[in-house]
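Reader: Please take a close look at the aromatic rings in this structure. I would like to know how they pair and what surrounds them.

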Amino acid sequence: MRRVRYESAGGPLFLEEAPVPEPGPGELLVRCEAAGVTLPVVRKVTEAAEPIALGGEIAGEVVAVGEGVTRFRPGARVTGLCFGHGYADFAVLHEAMASPIPDGADAVDAVALVRSGLVAYGALEAARPVPGEAVLVTAAASGVGHLAVQLARVRGAGRVVGAVSDPAKAEFVRGLGADDCVRYSDGSWGDPVDCVLEAVGGDLLTPALAALAPYGRLVAYSSGGGTIRAYDLLVGAKSVIGFQMALIARGRPELYEQWRQELWRLFAEGALKPAVHAEFELADAAKAHEAIERRANLGKVVLRP
C-alpha cells in the first residue's frame, strides 16, 4: 500500500510503499477513502524533534477486524481518530474511536464533520453559553471554527462573531451564520462577548481575553500555547477553561458518543453543513499541509487515498 511519511523535522513529505497493517486486538483495518488534515499534525511535522506517524481523522470501509471487536464487521463504513499512519491507503483504527457513517453521508462528509465537529461541540459545551449570549470564535474559517460558528447559532447565541486573519474570509464566515466578522489586527473586536472559543493561541490570547465582557468565559483548545496574566482575569472576573477532546474520548466515552450522535442529527436535518476547502491526492499531501500553514482554507482540507 501507499502511505505518506517524512524523515526529518519540517519534511519533505513523500510517498512510500509499505505493508498493509494487521489489526490487533480491539482494532479495525480500514480502507481509507478520506483523511483529514489538521493544524496540530502540520505543527508536529515542523516542530517535533522526531518524525511522527501522520495520523488523524479517517473514514472508509472496514476490511478486517482484530480479536475482541464486537461493534463492527468487514463492509461497515466508519470514521474515527487514527493514532498511527492515517495518510495511507489502509489504516488501523481502535474500535473505541470508531463510529458508523450513516446512510446519506459519504467519507468526506464524515471526515469534515465528526472530529472537527466534536472539538467545536465540546468547546462550546465547556463555555456553557446561555441562550441569547454573544459568542466569538477565532479561526472562524477553519475546519473546527466554521462548525463552531454554526453550532453557536444552533445553540441559540444572541450574537455570533467570527475572528479571522484575512478579510477575504469574512463573506464565508457570515455565510455560516455569523452576525459579524473581525480581523485579528483590528484595534477593537467590537462589543464585548460572553464567550470566546479560542483556537489560535500565542499572542492572540490577549485580544481574545480583552473581547470578553465581565464574567465572560474563554475556552482555549489550541495547540499553539500562550500566556495569560492573572490580573487580566481578576479585573473582569473572567474565566479561562482548557479543553482537549482526547480527554473526553478516553475518560467519558458515553459523552463522546452522545455528541457524535447529536452532530449526525444536526447534519441530517441540514442545520450543520461541513465545508470542504479542497481535496488532495496522497501524493499532494505537502500541498494540503501548505494550505493549512498559510491559513488559506475555508473549511476542511481533506486527503483522498
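Author: What follows is an account of the aromatic pairs, ring by ring. The model is predicted, so local features need pLDDT of at least 70, side-chain atom pairs count only at pLDDT 80 or more, and totals for chains, interfaces and linings use all residues. Residues are numbered from 1 along each chain as its sequence is written, and side-chain values use heavy atoms, with hydrogens and water left out.

Rings of Phe, Tyr and Trp (its six-membered ring) pair if their centres lie within 6.5 Å; planes under 30 degrees apart are stacked, over 60 edge-to-face, and the rest tilted. The count by this rule is 3 aromatic pairs. One of them joins Y121 and W259, whose ring centres are 5.6 Å apart with planes at 45°, so this pair is tilted. Y121 belongs to helix α2 (residues 107-127) and W259 to helix α8 (residues 253-268), so the pair ties together parts 138 residues apart in sequence. Helices here are DSSP runs (H or I, at least four residues), numbered from the N terminus.

Y121 is buried at 11% relative accessibility, and W259 is buried at 4%; buried means under 20% relative accessible area, exposed over 50%, and partly exposed in between (1.4 Å probe, protein chains only).

Another pair, W264 with F267, is edge-to-face, at 5.5 Å centre to centre and 85° between the planes. W264 and F267 are 3 residues apart in helix α8, about one helical turn. W264 is buried too, at 10% relative accessibility.

Y121 has a further contact: the charged end of R155 sits over the ring of Y121, 5.9 Å from its centre. The rule for this is NZ of Lys or CZ of Arg within 6 Å of the ring centre and within 35 degrees of the ring normal.

Key
Helix = DSSP H or I, 4+ residues; strand = E, 2+ residues; numbered from the N terminus.
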